[in-house]
Number of protein chains: 2
Amino acid sequence: MKNASGSRIEQALEVAVESCESLGCPPRLAAAIRYAVFPGGARIRPRLCLAIAAGCGEAQSALAEATAASIELLHCASLVHDDLPCFDDAEFRRNRPSVHRAFDERIALLVGDALIVLAFQNVARAYAQHPARLQGVVLALARAAGAPGGIVAGQAWECEETTPLEEYRRLKTGALFVAATVGGALSAGVDPTPWRELGERLGEAYQVADDIRDVLGTDVELGKPAHRDAELLRPSCVNELGVAGAVAHFEALIRAANECIPDCPGAEFLRDLLDLEAQRLLPAALLERVAA
Amino acid sequence: MKNASGSRIEQALEVAVESCESLGCPPRLAAAIRYAVFPGGARIRPRLCLAIAAGCGEAQSALAEATAASIELLHCASLVHDDLPCFDDAEFRRNRPSVHRAFDERIALLVGDALIVLAFQNVARAYAQHPARLQGVVLALARAAGAPGGIVAGQAWECEETTPLEEYRRLKTGALFVAATVGGALSAGVDPTPWRELGERLGEAYQVADDIRDVLGTDVELGKPAHRDAELLRPSCVNELGVAGAVAHFEALIRAANECIPDCPGAEFLRDLLDLEAQRLLPAALLERVAA
């Protein structure tokens with residue numbers, strides 16, 4: 001959750017993506033994999049993973065970097081598949097055409113598949129000297145990504161006649177935040193159980209901030225069209241609580257997250273980082289628009 | 001490659017699929033995952049994996065069963081995604097509507113994603129007591145599935161202006177056969193290196209048999225429309241060599257596969273199985289149609 005962690009994440013993602021480009025990968029697939037991963041968004045999930053590993057006492061761990069990168073690869077895969085015409089039919093992502101618009105639908109389908117595979121391959125390579133930790137990390141990634149409790153299952157709730165809203169959000173947003181806290185602890189060789197709740201609360205806070213940004217932000221700030229929740233009649237915390245109520249809810253969630261940080265060498269460091277992250281998710285300049 | 005192995009594979013697949021259905025999986029996703037896996041086709045890749053493990057001296061290994069199931073899950077995932085409208089637009093598979101026809105395109109997309117994740121999750125669960133073997137198995141699965149050298153990359157060659165035919169087939173068909181031989185050896189705790197070549201040769205033989213069956217078989221025998229290679233102008237070994245030439249090529253590949261079986265406790269058993277498998281791939285009754 002600081003600049004140094006940012007470059008470690010980009011470097012770890014670079015290593016993973018490069019491994020796809022060697023040995024005669026079909027050129028359009030290779031280009032599209034890179035396009036889907038770079039340049040990234042806020043990289044909030046991998047930054048969280050690195051912060052937790054550091055909080056657990058592993059400040060410079062190659063294992064944490066690989067775990068963080070794999071979590072981001074799963075996130076990128078879900079964005080590419082969610083943007084496809086059969087789901088959101090999104091034309092833009094991160095201020096550029098989405099992958100299926102920049103390439104085509106077939107390539108976008110395969111990019112998502114390749115990134116899911118790469119996420120597992122990447123940790124398997126990195127944990128060569130720590131086989132006992134690999135199993136937990138693979139299971140944490142799989143649980144967050146697949147069915148019944150991961151982002152794929154979350155997305156599948158859009159295909160049912162009725163969608164249980166809390167469950168939908170818990171899976172679509174919360175699952176990878178839990179993977180980030182649990183994965184950070186696992187990479188440090190620490191029991192991940194007490195770290196789950198922190199991931200759940202931060203995932204919820206992130207979703208609330210996302211709802212608020214959709215209302216207050218501009219297309220350029222978001223990297224995609226703003227006000228889509230209202231257009232698509234998507235459930236939004238702002239609809240339920242109003243902007244001021246949603247902001248209060250966000251702040252309460254951040255406080256709750258702060259309070260559930262487990263005892264660890266870097267607990268104080270993590271509390272400071274969470275406050276910084278909260279300001280980053282909902283900058284004061286954005287909130288001033290409520291009054292305007 | 002006998003009936004007993006068949007029921008062990010179905011049981012291992014059942015365990016994997018059931019793990020997706022618990023804990024409130026969206027019902028249509030759960031039903032579609034099951035539909036994509038059961039009833040299966042010939043299960044040739046997982047049977048090969050079990051046979052190699054048995055040949056290496058692990059006749060009743062739960063590790064081999066899980067590895068075999070994961071290879072089949074990756075195969076099922078690739079069938080579901082290849083059948084989608086943006087690729088083959090296939091209406092039928094295994095004598096039933098394809099997944100996107102029986103459910104819808106969105107569900108089929110998510111089923112493929114979920115099965116890829118499940119393949120890795122399934123081996124991670126099974127290898128809990130053998131962490132040192134898990135890394136190799138995850139890497140073998142990922143290499144066979146992803147980019148640059150797996151089935152995703154093979155499928156991506158369809159999206160290029162020119163497709164290098166041998167490479168395309170090596171990745172689309174051969175990669176999972178290599179995963180089967182390598183995975184079987186790894187599950188038995190044996191160095192997998194000498195087993196790669198056997199997988200490559202069997203994958204090639206299988207592809208030739210597939211080309212021949214497409215010409216000689218009926219829709220019902222194939223579980224999908226026959227004669228599609230000619231209709232779609234797909235490259236086919238029969239086009240290049242004629243039916244008789246293709247059959248001779250197939251027989252030469254099976255002989256070559258037989259000759260490269262590494263020294264192992266069950267080498268003789270494996271040679272007998274390969275001959276049986278060859279007759280199963282190209283039954284005498286089918287070949288009689290050449291003359292008719």
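A:Asn95 lies in the loop between β1 and β2 of chain A, where helices (H or I, at least four residues) and strands (E, at least two) are DSSP runs numbered from the N terminus. This is a predicted model, in which local features need pLDDT of at least 70 and side-chain atom pairs count only at pLDDT 80 or more, while totals for chains, interfaces and linings use all residues. Residues are numbered from 1 along each chain as its sequence is written, and chains are lettered from A and ligands numbered from 1 in the order in which they are written.

- A:Asn95 is not a glycine, yet its phi is positive, at about 60 degrees.
- A:Asn95 is exposed, with 12 other C-beta atoms within 10 Å; a residue is exposed if 12 or fewer other C-beta atoms, placed from the backbone, lie within 10 Å of its own, buried if 20 or more do, and partly exposed in between.
- A:Arg94 is placed in the loop between β1 (92–93) and β2 (96–97) of chain A, and its phi, near 55 degrees, is a positive value in a residue other than glycine.
- A:Arg94 is partly exposed, having 16 other C-beta atoms within 10 Å.
- Most residues other than glycine have a negative phi, and most peptide bonds are trans.
- A:Ser98 is located in the loop between β2 and α5 (99–102) of chain A, and it counts as buried because it has 24 C-beta neighbours inside 10 Å.
- Apart from neighbours within four places in sequence, A:Ser98 is in contact with A:Asp83, A:Ala90, A:Glu91, A:Phe92 and A:Arg93, contact being defined by C-beta atoms, placed from the backbone, that lie within 7 Å.
- The C-alpha atoms of A:Ser98 and A:Tyr35 are separated by 9.2 Å, although these residues are 63 residues apart along the chain.

**Cis peptide bonds**

- In chain A, a cis peptide bond joins A:Phe38 and A:Pro39, with omega about -15 degrees.
- A:Pro39 belongs to the loop between α2 (27–37) and α3 (44–55) of chain A.
- In chain B, the peptide bond from B:Ala147 to B:Pro148 is cis, and its omega is near 10 degrees.
- B:Pro148 is found in the loop between α7 and α8 of chain B.

**Overall form of chain A**

- Chain A contains 15 helices and two strands.
- The radius of gyration of chain A is 18 Å, close to the 19 Å that the globule rule gives for 292 residues, so the chain is as compact as a globular protein of that length; the radius is taken over C-alpha atoms, and the rule is 2.2 Å times the number of residues to the power 0.38.
- Along the principal axes, the C-alpha atoms of chain A fill a box of roughly 55 × 50 × 35 Å.
- Of the 292 residues in chain A, 56% are buried.
- Among contacts in chain A with a separation of 6 or more, 68% are between residues 24 or more positions apart.

**Helices**

- Helix α6 (residues 105–126) of chain A has 22 residues and reaches 32 Å from its first C-alpha to its last, close to the 32 Å expected at 1.5 Å a residue; the expected span is 1.5 Å times one less than the number of residues.
- α6(A) is mostly covered, with 19 of its 22 residues buried.
- Helix α10 (residues 196–216) of chain A has 21 residues that should span 30 Å at 1.5 Å a residue, and its end C-alpha atoms are 30 Å apart, which agrees.
- α10(A) is also mostly covered, 17 of its 21 residues being buried.
- Helix α13 (residues 237–259) of chain B has 23 residues, but its end C-alpha atoms are only 23 Å apart, short of the 33 Å that a straight helix would reach at 1.5 Å a residue.
- α13(B) bends by about 95 degrees at B:Val243, the bend being the angle between axes fitted to the seven residues ending there and the seven starting there.
- The buried residues of α13(B) include B:Cys237, B:Val238, B:Phe250 and B:Leu253.

**Relation and contact of the two chains**

- Chain B can be laid on chain A with an RMSD of 0.0 Å by a turn of 180 degrees and a shift of 0.0 Å along the axis; the superposition is by least squares on the C-alpha atoms of residues with pLDDT of at least 70 in both.
- The two copies are thus related as by a two-fold rotation axis.
- In chain B, the C-alpha nearest the axis belongs to B:Pro131, 2.7 Å from it.
- The contact takes 51 residues from chain B and 51 residues from chain A.
- α6(B) gives the largest share of the side of chain B that touches chain A, 14 residues.
- Of the interface residues of chain B, 100% are also interface residues in chain A, so the copies meet through the same surface.

Note on methods
Two residues are in contact if their C-beta atoms, placed from the backbone, lie within 7 Å.
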